[in-house]
Structure formats: C-alpha cells, structure tokens
Amino acid sequence: MKRFFEATSPYFTWAVLASLGIMMTFTALTSDDPRIFHQLVHPSGETSARLLIVLMMATPLAMLLKGWRGPQWLKRNRRYLGVASFGYALLHTIFYLLDKASVATVVGELPRLYIWTGWIAFIIFVPLALTSMDYFVRKMGKWWKWLQRWTYAAAVLTLVHWAALNDWDGAAPALIHFGPLIVLEAYRIWYWYLRPRPVVA
C-alpha cells in the first residue's frame, strides 16, 4: 500500500477519475433509449458530489490521521479531484439540458430551489476549475487560495441541490454522503478554534 501511494502516476489517477465519465458519454452517444439523458443526469451529478466530498475531506482527514499516507495522497491530488468533480458537474449539466431539450423548460424551472442552487454551484465551479493549473497558482498568489475557499459555498449549494430533489426525497441520501464531511469539518473547527489550549505560565 505504501508503494501504491508513492508510485501512483498522474496519468493513472486521471484514467481512473475519467473512466466513469467516458462510459457515461459513450452510453449517451450510442444508446437508442429516448430517456438516456434523463437516466444519466442523476449518476453524473452524484459522481461530481462524491468527488467534491472526497477532496474536501483530505485536509481534516490528514489532521485526524497524522502520518497516514491515504489522506496525504488525497491532499496531493486535490486539484485532480476538483477538476474531475467539475468535469462530472459539466456532464450533469449537459445531460440535464439535453433531457429538457427546451430553453423555455430550463428557464421555467429556474425558480425551483433544487435547480437554482445547482446552477449557482456550477457557476462557482467554473473559475475554480479554470484556475486549477500551476500557472494560475503562481500568478494569483494569495488570491488563488481565496478563490478556492468558494469550494465551501459550492459544497453547501450542492448539498441543498441534492437534498431538495423530488420534494426533499433526496435529503436522506444527501446527508448520508455529506455526513462524514460535516463531521470532519466540525472536528477541524474544534481543533483550530475550540479545543482546550495549555495555559502558558
């Protein structure tokens, strides 16, 4: 396992992260099922949300499990996970638009909570993904980290987007998926701001 975390190449990581998206795209292009886009909307969105959760768990897991290679590997590959999460969010959006097949229908659904929260989360994702390259990290300096903190807003909106589906029928699965992240972030807040500190004489 140690060798795996040390030797995993970016190409292998990208191949794994992209594999499901390639299969979804192939299915969408070759299926003769008229509802295929509708059927792919939810799994593509779920995959995006899961990758977002995993990348956000990296730092608190590394704090909690000091010295463990798994969380350290996640921290090193957060940008890959983030771009992959955006890629699946983009697929999710494309499948949704193709399923609706009407600008009027898309615009008519915008006032719904689970729709506009999804759109805002996607809009936040765009600059995060576009600035994920080393070039922007160097050019933006401290502003890059400020921009990346918008990931938290995207995560909250994604949670609401998922939970509010079908008159809140999505609440249970959304909370099950986001639950570990919520717990870890609560631990992170406690560790940095609330834990008892030794009194300095």
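Let's start with residues 49–68. Their end C-alpha atoms lie 24 Å apart, and the span is 80% helix and 0% strand. Helices here are DSSP runs of H or I, at least four residues, and strands are runs of E, at least two, numbered from the N terminus.

A word on the model. It is predicted, so to speak of local features we need pLDDT of at least 70, and side-chain atom pairs count only at pLDDT 80 or more, while totals for chains, interfaces and linings use all residues. Residues are numbered from 1 along each chain as its sequence is written, and side-chain values use heavy atoms, with hydrogens and water left out.

Now the record. An unreviewed UniProt entry annotates "transmembrane region" at several spans, including 49–68 and 149–165. Such annotations may be inferred rather than shown by experiment. Residues 149–165 are 88% helix and 0% strand, with end C-alpha atoms 26 Å apart. The unreviewed entry also places "domain: Ferric oxidoreductase" at residues 49–158.

Next, salt bridges. The cut-off: a side-chain nitrogen of Lys or Arg within 4 Å of a carboxyl oxygen of Asp or Glu. The count is five. Which residues link up in a network? Lys100, Glu109 and Arg112. Glu109 pairs with Lys100 at 3.2 Å, and with Arg112 at 3.5 Å, N to O.

Buried or exposed? Buried means under 20% relative accessible area, exposed over 50%, partly exposed in between, with a 1.4 Å probe and protein chains only. Glu109 is buried, because its relative accessible area is 8%. Lys100 is partly exposed at 26%. Arg112 is partly exposed too, at 41%.

On to helix 12. Arg188 and Glu185 both lie in this helix, three residues apart, about one turn. Their side chains meet in a salt bridge, 3.7 Å from N to O. Glu185 is buried at 15%. Arg188 counts as partly exposed at 22%.

Helix 12, residues 171–194, also holds Trp190. Trp190 belongs to a nonpolar surface patch with Ile189, Trp192, Tyr193 and Leu194, about 630 Å² of accessible area together. Patch residues have over 30% relative accessible area and no salt bridge; like charges are joined within 9 Å, nonpolar side chains (Val, Leu, Ile, Met, Phe, Trp, Tyr) within 5 Å. Areas come from the Shrake-Rupley method with a 1.4 Å probe. Trp190 itself is partly exposed, at 39%.

Last, charge. Lys75, Arg78, Lys145 and Arg149 gather in a positive surface patch. Lys75 sits in helix 4, residues 69–76.

Note on methods: Lys and Arg count as positive and Asp and Glu as negative; His and the chain ends are not counted. The place of a charge is taken as NZ of Lys, CZ of Arg, CG of Asp or CD of Glu.
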